[in-house]
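Subject: Structure handover

Hi,

Here is the structure I promised you. Please open it first, then read my notes below.

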Amino acid sequence: MHDHLTIVDHPLVQHKLTIMREKETSTAVFRQLLREISLLLAYEVTSELEMTTKRIETPLTEMDAPTLKGRKLALISILRAGNGLLDGMLELIPSARVGFVGLYRDEQTLKPHKYYFKVPEQLDERMVIAVDPMLATGNSSAAAVDMLKEAGAKDIRFLCLLAAPEGVARMKEAHPDVPIVTAALDEKLNELGYIMPGLGDAGDRMFGTK
Ligand code: URA
């Protein structure tokens, strides 16, 4: 993955995303579509997994067939909305190890603070995919990646559903080595830090909270 930002401009992804953006879409439909989109995004973000071959027998003959090299994967959910992307990804990659990063924003300093951090062992040997549906200011995403690097991660990718230009720029400045995969790059952030046109608060929409 050589580009810093990859937009998955696939008809199915874009169609599902449009339904998710609509304000009348129910929690149940939103959740189901997020699950489906995460499968499609997972397909893109894992496109560089290393391959090898193994000798197999088909009913007709022997062949050297492609297979995953067995490199370890870690999916890291940035709480709480990251969990919505995680479920679908685990369907596609059931053997992946899973970690969680919990951050809250200090209302005085506006800086992200860690309240939970639990990640798989041997992070340095894994392809690490951090997931959070909304890349808005990029402050918490950059902080989460800092923590993953401190824990040893060397090969990190960031997967989101929607990105704002401000968040992409912040990540590029802080972590130019971390490619971002997203379904769409929206216009801007509003004064409250929401992505515009966006889809609202992703956590609230997937969990039915307000
Ligand atoms: N987080 C969200 O859930 N939505 C936004 O628009 C921005 C950040």
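Start with the ligand. By class, its shell has 6 nonpolar, 3 polar and 1 charged residues. Here Ala, Val, Leu, Ile, Met, Phe, Trp, Tyr, Cys and Pro count as nonpolar, Asp, Glu, Lys and Arg as charged, and the others, Gly among them, as polar. The shell includes Ala 81, Met 134, Ala 136 and Asp 201.

The model is predicted: local features need pLDDT of at least 70, side-chain atom pairs count only at pLDDT 80 or more, and totals for chains, interfaces and linings use all residues. Residues are numbered from 1 along each chain as its sequence is written.

Next, the record. An unreviewed UniProt entry places a "binding site" at positions including Arg 80, Asp 132, Ser 140 and Asp 201. Such annotations may be inferred rather than shown by experiment.

Ser 140 is buried, with 21 other C-beta atoms within 10 Å. The cut-offs: 20 or more other C-beta atoms within 10 Å is buried, 12 or fewer is exposed, and in between is partly exposed; C-beta atoms are placed from the backbone.

Leaving aside neighbours within four places in sequence, Ser 140 is in contact with Ile 78, Leu 103 and Pro 112. Contact means that the C-beta atoms, placed from the backbone, lie within 7 Å.

Best wishes

Conventions. Contact = placed C-beta atoms within 7 Å. Near = placed C-beta within 6 Å.
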